[in-house]
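Work through the exercises below with the sequence and the structure at hand. Each task is followed by a solution in steps.

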Amino acid sequence: MTNSEKTTVLITGANKGLGLEAARRLGEQGWTIFLGSRDEGRGQAAADKLIADGANVVMVPLDVTSDESVADAVRLVREHTDRLDVLINNAGAPGRAVTPADATADEIHAVYDTNVYGPIRVTHAFLPLLQAADNPRVVMVSSGGGSFAVVTDPEQPVSRMHELAYSSSKAALNMITVRYAQALPNIKFNVATPGEVANRTFAATDMNHHTGQLTVTEGTDSIVRLAMVDADGPTGIFVDRLGPVAW
Ligand SMILES: NC(=O)c1ccc[n+]([C@@H]2O[C@H](COP(=O)([O-])OP(=O)(O)OC[C@H]3O[C@@H](n4cnc5c(N)ncnc54)[C@H](OP(=O)(O)O)[C@@H]3O)[C@@H](O)[C@H]2O)c1
């Protein structure tokens, strides 16, 4: 099989955590992995490990908050392929847990730059490569905290976590995904949350100081499933590894 016949995927923030595990799992499927990392050294170290295990990986320096970095990433990916089958917008920032009374626009702007403008920046720049694929798919990695249904459920611990930036950024990402899905029906745009919403669990990564109850493999089940949806598959849906999540 030549490189151009393989399924290609770009994963942002793939040097560690869920992004790296998604890269490992999709690499095992024989896909060509464009492993995005804002830090070249850590990205290359992560890529080298996957390559040593037999995966086909190209490390792509990619800071989702920088137009220049994203443009460079497009150029690098184009050196290897003329189409992108799957884009996984995984890179995310938790922000500091500042109470709404103390939150400032500056504080929130930094989180939005990564979690909201980042996926828009990357998606927009890679649209031509995605449009060139037969069954293009975009997976947005969101959170149960981005769901109005979850955040307003008193049984959910997140309803008692008082912050503005992270949850509202993921809610915005959810709406952005729906709007892309409606406007671009030839591309599948879906939202994955790594946790199990019904069980109030999440995946242990650096982002939560490894307090999550799920493994990164479990945390990537929803991401990998959406990355692999076929031409008849859904668009504009929000799922965790157990099934649909209420918006
Ligand atoms: N863990 C969970 O259960 C859970 C639950 C809900 C949602 N999520 C979402 O899942 C995604 C992955 O998180 P994780 O749990 O795997 O956390 P993580 O281990 O902290 O990974 C976050 C990744 O995002 C990257 N990143 C941050 N800012 C970036 C930027 N400006 N440009 C490029 N990459 C950037 C990080 O790079 P550096 O290493 O350079 O910092 C890292 O690779 C995030 O979107 C997060 O919000 C996770």
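Predicted model: local features only at pLDDT ≥ 70, side-chain atom pairs only at ≥ 80, totals over all residues.

**Exercise 1. The whole chain**

Task: State how many helices and strands the protein chain has, and decide what its radius of gyration says about its overall form.

Solution. Step 1: the secondary structure consists of nine helices and eight strands. Step 2: along the principal axes, the C-alpha atoms of the protein chain occupy a box of roughly 55 × 40 × 30 Å. Step 3: a compact globule of 247 residues would have a radius of gyration near 18 Å, and the protein chain has 17 Å, so the value agrees with a compact globule.

**Exercise 2. Helices α3 and α5**

Task: Describe how α3 and α5 are placed relative to each other, and list the residues through which they meet.

Solution. Step 1: helix α3 covers residues 67-78 and helix α5 covers residues 117-131; their axes come within 10 Å and cross at roughly 25 degrees. Step 2: angles under 35 degrees count as roughly parallel, and therefore α3 and α5 are roughly parallel to each other. Step 3: the crossing of α3 past α5 is right-handed. Step 4: on the α3 side the contact has D67, V70, A71, V74 and V77, and on the α5 side R121, V122, A125, F126 and L129. Step 5: sorted by class, the residues of this contact are eight nonpolar, no polar and two charged.

**Exercise 3. Helices α4 and α7**

Solution. Step 2: α4 passes α7 in a right-handed crossing. Step 3: α4 contributes E107, I108, V111, Y112 and N115, while α7 contributes A165, Y166, S169, K170 and L173.

**Exercise 4. The ligand**

Task: Which residues are closest to the ligand, and which helix gives the largest share of its shell?

Solution. Step 1: of the 31 residues around the ligand, the closest are G13, G17, G92, F202 and T205. Step 2: helix α1 (residues 17-28) supplies the largest share, three residues. Step 3: the shell has ten nonpolar, 16 polar and five charged residues.

Notes:
Residues numbered from 1 in each chain as written. Near = placed C-beta within 6 Å. Helix = DSSP H or I, 4+ residues; strand = E, 2+ residues; numbered from the N terminus. Nonpolar A, V, L, I, M, F, W, Y, C, P; charged D, E, K, R; others polar. Axes fitted to C-alpha atoms, helices over the stretch in contact; angles between N-to-C directions. Parallel < 35°, antiparallel > 145°, perpendicular 65-115°, else oblique. Left-handed = near helix turned anticlockwise from the far one by under 90°. Contact = placed C-beta atoms within 7 Å. Rg over C-alpha atoms; globule rule 2.2 N^0.38 Å.
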